[in-house]
Amino acid sequence: MPEIQIPFNKPTRLGKEFDYMRQALERGKISGDGHFTRLCQDLLRRQTGAGSVLLTTSCTHALEMAALLLDIQPGDEVLVPSFTFVSSVNAFVLRGARPVFVDSRPDTMNLDEKRVESLLTPRTKAIVPVHYAGVGCDMDPIMEIANARGIAVIEDNAHGLFGKYRGRNLGSFGDMATQSFHETKNVSCGEGGALLINDPRYAHRAEILREKGTNRAAYFRGQVDKYTWVDVGSSYVPSDLLAAFLYAQLEQASCIQHARRAIWNRYQRELADWATHHDIRLAEIPGDCEQAYHMFYLLLPTLEDRQAFIEHLRQRGILAVFHYVPLHLAPMGQKFGGRRGDCPVVEALSDRLVRLPFYFDLSESEQQRVIDAVRSFQPGGAQGLKNLQYALRAESPARPESGQPQLAKFVDQREVGMDGGDGLAPLLNPADMHVP
Ligand SMILES: Cc1ncc(COP(=O)(O)O)c(C=O)c1O
């Protein structure tokens, strides 16, 4: 197997991260809610237009906080896209909710707003639009339906920081929104997230849930003379060391976005003719969306083409990765009644999607290498995949899934694709996972 020279992702590094972490240490406070946490929250509030912002240990935890704040109860229903990361759903399932999976729009892969109304029942408590690849969902009809019925909207904006829909920041539409600062995101601190609160009714309780169910935040503001246990909660507060790292990136966000926009535009420009010629689709950005330049993906004609494409790039030292496996067809999704045919667009497209290397300091020469390698691929052959399957059969007799023919497709995905570190590959054997 050739060595990977161009990874799928490299964490962004701008220069001031360690300096700010040292400053946090010198201030003598590296636990949560210190100087840099406050700086990040203030800046994020200004950058997103959210009512208030709380840094969290991950986007997953911000979603869990949102589910607690909505007081989701067993039997409640929550509309979620099938094509998303498991956390968008799990946060609600943890509270006993039943996920109702919504199919995607074929142009953006976002939850199809036209399908929402027919899936609502008197038990629907929330809708969770996910702005896939940082391209906004069609929020106006979604908000209209939700407002008319008193249903909460939680935007999973893990990909979409700085994206806009009809001139308004993603993350500012729903009652709450969640951000991710995982290392694959445009702005990151390795692992981290934020809860954006637009409906002020949730702000006070959010502080308490995040601080293990105590009114500690009020105590530090001098509003109470001791702090105590007042509600349920958990530990969702990140260290100020991580906030220091994050602040160095947030304050340089326009520099990051500028670089990513240039990389995205170059891929688009250089691959458009090749894609049209080979019946390959590139991402479509609706006219009313300003995307966040989080991801560059292609839709190959078939699964076999997609796998052969990944292998073709890998043979050239380049790591391209697939993305989500439809949640309604995952073992947990099926326990909630998910069946093949429920989400035809997701079922048809998720197998064909592949993401190209995309990171802040991807150099022009590296990108040119990726572009040349992509353009030298001809769909329809799938020979590379056949060779790989043959090689794998010879090389790996002891994989736990071997002998389970129904898993063959996923075994192939695992071996040739990986999920890039932020995707969902439910059948991965961790020992085989090469997280970039
Ligand atoms: C759409 C979506 N939501 C939530 C998450 C979870 O983010 P985190 O890793 O910060 O918990 C991810 C992960 O990448 C994601 O893609």
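**Entry 1. Helix 3 and helix 7**

I began with the packing of helix 3 (residues 59-69) against helix 7 (residues 203-210), whose axes lie 10 Å apart at an angle of about 125°. I note at once that the model is predicted. Angles over 145 degrees would count as roughly antiparallel and 65 to 115 as roughly perpendicular; helix 3 and helix 7 are therefore oblique to each other. I recorded their crossing as right-handed.

I then looked up which residues meet there. From helix 3 I listed Met-65, Leu-68 and Leu-69, and from helix 7 Arg-205, Ala-206, Leu-209 and Arg-210. By class, this contact of helix 3 with helix 7 holds five nonpolar and two charged residues, and no polar ones.

**Entry 2. Helix 2 and helix 9**

I turned next to helix 2 and helix 9 (residues 240-250), whose axes come within 7 Å and cross at roughly 40°. That angle makes helix 2 oblique to helix 9.

On the side of helix 2, I listed His-35, Phe-36, Thr-37, Leu-39, Cys-40, Leu-43 and Leu-44. On the side of helix 9, their counterparts are Asp-240, Ala-243, Ala-244, Leu-246, Tyr-247 and Leu-250. I sorted the residues of this contact of helix 2 with helix 9 into 10 nonpolar, two polar and one charged.

I also followed helix 2 (residues 35-48) to the sheet, where it lies across strand 1 and strand 9 (193-197). Helix 2 runs at about 130° to strand 1.

I traced an open sheet of seven strands with mixed pairing, in the order 1-9-8-5-4-2-3. Which strands stand at the edges? They are strand 1 (52-56) and strand 3 (98-102); each has a single partner strand, so one side of each is left without a neighbour in the sheet. From one strand to the next, I noted an average twist of 25°.

I then went through several pairings in turn. Strand 2 (residues 77-81) runs parallel to strand 3 and is joined to it by five bridges; within this pair, Leu-79 stands opposite Val-100. Strand 2 is also parallel to strand 4 (residues 124-127), with three bridges between them, and here Val-78 stands opposite Ala-126. Strand 4 in turn runs parallel to strand 5 (residues 152-156), joined by two bridges, with Ile-127 opposite Val-153.

**Entry 3. Leu-282**

I selected Leu-282, which lies in strand 10 (residues 281-282).

Which residues does Leu-282 contact, leaving aside its neighbours within four places in sequence? I listed Gln-268, Leu-271, Ala-272, Ala-275 and Leu-298. Of these I checked Leu-298: it is 16 residues from Leu-282 in sequence, and their C-alpha atoms are 4.8 Å apart in space.

**Entry 4. The chain as a whole**

The chain has 16 helices and 13 strands. Of its 436 residues, 50% count as buried. Among contacts between residues at least 6 apart in sequence, I noted that 69% join residues at least 24 apart.

Conventions. Residues numbered from 1 in each chain as written. Predicted model: local features only at pLDDT ≥ 70, side-chain atom pairs only at ≥ 80, totals over all residues. Axes fitted to C-alpha atoms, helices over the stretch in contact; angles between N-to-C directions. Helix = DSSP H or I, 4+ residues; strand = E, 2+ residues; numbered from the N terminus. Parallel < 35°, antiparallel > 145°, perpendicular 65-115°, else oblique. Left-handed = near helix turned anticlockwise from the far one by under 90°. Contact = placed C-beta atoms within 7 Å. Nonpolar A, V, L, I, M, F, W, Y, C, P; charged D, E, K, R; others polar. Pairing = 2+ DSSP bridges. Buried ≥ 20, exposed ≤ 12 C-beta atoms within 10 Å, placed from the backbone.
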